[in-house]
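Here is a friendly tour of a two-chain model. Please have a look at the structure first, and then read on.

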Amino acid sequence: MDTESSGGPGRVLGRRQVLRGLAAGAAITGFPHIAGAQAKVLRIGMPTILSGRVAILGTSARAAVQLAFRQINEAGGIAGRPLELVERDSKGRPDEAAKVTRDLINNDGCEIIIDGEASSGAFAVHEVIRDLPVLCLHTCSETSSLSADPKLHVKTAFRCARQGIHDAVAGGTYAAKIAREKGLRRWMTCSPDYAYGRDNTAEFLEFTKLFEPSIEVVDQVWPKLFAPDYTESITKVLQVKPQAMYSALWGGDLVAFIEQGNLYRLFANVGFFSGGLGDPPVLTAIKQLPPGLNTAYRYNRNYPGKPANAAFADGFARIANHEPTNWAWQTYLACQFIAEALKRTGGRTEGAALAATLKGMTLASPFAVAEAITMRDTDHTIVGYPVAWGRTVPKAPFVEDFAQDDWGKILELEAQWKKAKGYA
Amino acid sequence: MNLEALAACVASASCAVTQVSTGLIVGTLLFLVAAGLSLIFGVLGVINFAHGAFYMLGAYFAFSAYTLTGSFLAALAAGALGVAAVGVAFERLIMSRVYGRDLLMQLLVCYAVILILDDGVKILYGGEYRLMGMPEAFAAPPVEVAGGFIPAYYLFMVGMALAAGLALWLGINRTRTGKIVRALAINPQMVGALGINTTLLYAGVFGLGSLLAGVAGALAAPIRTLTPGMGLSILIESFIVTVIGGMGSIAGAFLAALLIGFTRAFGAIGFPLFVDGTMFAIMALVLMLKPSGLLGREAA
């Protein structure tokens, strides 16, 4: 008798039919569990720059999220929900940043956005969040107006990154002090010829002159962004013979400038101040780092000198195989803010609820100058992070003697600046 | 515009020396790349839009060799010969299939190769910037000449570029092979009819042009940051040089490269905000007054 083909009441089930039945039963009863588990995952989207000349910054921001999420998930997730990162490459293009952010929210089911874009892309993401009001933390843009200009305010968008005006005040204070001590009167600048380079240089000079009015800017050179060769700018500096110079060059451009300047022994006779030199990938890429160059803090495993900061650097290096970048610590901090906000809402992810929790939140952090970093409620930006300047030394971590400006003074001058700009 | 500063610089020996050396530094590296581009166009009649990517490969090959061996000579050899081999393979396997096709087809093929090479470099070396570092032999203070300063490495770089240019000129104008290559540029059918292997010659010329780009990349590696796509900016300047000098003219490329180098060096003193504008203005002027370029052959 062919048991497999028989049917009807009283039929005998064959081995294959039993197996099929078991498989079907497992599918019916098991899949809902799997589907339920997938629904519990809390997806957080991240547009960032993963290709092109500044890809190392985007990949470092991604590694920082991976480290933070691993730690949060190992501790049980948020209300039992593990966090999952969904990252998309914007290639550094604002239009692409806006597009992938919309996709992350609308198609990929992301309930929160970590914006790992440079300023140009961050403004585009900001406008998407105005339309699709999930919680968004900008973790890389330093352009002050993003959070300072009330016309740009978005209720569910926050900045978890250093801010240009804070750095300008601190840089001005530091440079003016050195200029006074060493009699550096004749200054020159060499910065990339685009909006950030010019704005950053103007703000640095504005505050340096404010604190030390005797300094004089004798010349300024503006090499192109991503210029491969700086010889004509360097020889111009040699001709002008300034006592000090400021540069807003960054990344590979700054590496090339310093290596080419070394050939002329440029830094032996000029006091050099840089806003971007302190980023570890820049410091490690330079083969012959001259000692005594002055740089703004971007990240350093020894500053703030806390065990938790060193632990972060070690954990990050295990994932990325290099020291953390400025984008990395800022993004890691953003993850900590998000986790805390989610805990306080009991896992609710509505943008308005999370934003209400995040406003004015103070968070103990390994990166805090004192004990905590605060997400200021008035303009949704962080304060209390390291805004320090230090000097280069030949050995890792390459910068030491950090001088932190007083946050009270920074906030006071920031308020004046906001008033002058019509932001307050 | 600060013409007073420019006049003062020209009148000062130290400033003039420093800026003339700057012009030579900028110009000679540009010449190496443009000479390869011009040679390939002059003989094969194709514009190698992927030439900038070959410059990038030269820099990365040199970086790898220097990292492995610590020898700058090995780095130079790897940059030059490695790119020459890539150039020959590119000519035989890809470009030879689009000879005689319209310019758009050649452009598309080259653009595809640029993307492939850029992505290949990204996969092999990563997307971040890299620096080879200055060889120990050149870690000396800059040489002082009449109060101006010239770094030792730049003296070597300019010397190498000039030697390569001179060897190329002698090779083309004073050797039998050079005569055949010149004949190939004018009448390839006749050269073929004489029993000379023109396919081999085409590949050789393409390899030589690529080698020059590789040498330029290897010479740039100790002083410039290496990134995928780094060939684009030098390709644009090389086109300016070849247009000004005359497509296909090695001597024209040399003259135009120096012109661009000196414009940038002295422009930084006298008209820093219009240096790029001046370069393009010179190109426009040449195109209006002598469309074949300063030393290019007039069309028959």
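The notes below go from the interface to the core, then to the annotated segments and some backbone details.

## Where the chains meet

This is a predicted model. In it, 28 residues of chain A are in contact with 31 residues of chain B. On the chain A side, four helices each supply at least two residues: α2 (55-74), α8 (231-240), α9 (251-263) and α10 (280-285). Sorted by class, that side of chain A has 11 nonpolar, 10 polar and seven charged residues.

## The largest nonpolar core

Which residues touch the most other members of the largest nonpolar core? They are Ala59(B) and Ala62(B), in a core of 225 residues. Helix α2 (residues 13-44) of chain B gives the largest share of this core, with 16 residues. Chain A takes part as well: its domain 1 (40-163 + 304-383) and domain 2 (165-302 + 388-421) both give residues to the core, so the core lies between these two domains.

Leaving aside residues up to four places away in sequence, Ala59(B) touches Gly79(B), Gly217(B), Ala218(B), Ala220(B), Ala221(B), Leu226(B) and Met230(B).

## Annotated segments of chain B

An unreviewed UniProt entry carries the annotation "transmembrane region" for residues 49-66, 72-91, 103-125, 152-172, 193-219, 239-262 and 269-289 of chain B.

Residues 152-172 of chain B are 100% helix and 0% strand, and the C-alpha atoms at the ends are 30 Å apart. For residues 239-262 of chain B the figures are 83% helix and 0% strand, with 17 Å between the end C-alpha atoms.

## Backbone details in chain A

Most residues other than glycine have a negative phi, and most peptide bonds are trans.

One joins Tyr303(A) and Pro304(A), with omega about -10°; Pro304(A) is in the loop between β10 (294-296) and α11 (307-320). Another runs from Ala396(A) to Pro397(A), with omega near 5°, and Pro397(A) sits in the loop between β14 (388-392) and β15 (399-404).

Positive phi values turn up too. Arg265(A) has a phi of about 55° and lies in the loop between α9 and β9 (271-274). Asn321(A) has a phi of about 65° and belongs to the loop between α11 and α12 (326-344). Are these residues exposed or partly exposed? Arg265(A) counts as partly exposed because it has 15 C-beta neighbours inside 10 Å, whereas Asn321(A), with 8, counts as exposed.

Definitions and conventions
Residues numbered from 1 in each chain as written. Chains lettered and ligands numbered in written order. Predicted model: local features only at pLDDT ≥ 70, side-chain atom pairs only at ≥ 80, totals over all residues. Contact = placed C-beta atoms within 7 Å. Nonpolar A, V, L, I, M, F, W, Y, C, P; charged D, E, K, R; others polar. Core = buried A, V, L, I, M, F, W, Y, C linked by C-beta atoms within 7 Å. Buried ≥ 20, exposed ≤ 12 C-beta atoms within 10 Å, placed from the backbone. Domains from an automatic or database assignment. UniProt positions renumbered as here; feature names shortened; annotations may be inferred.
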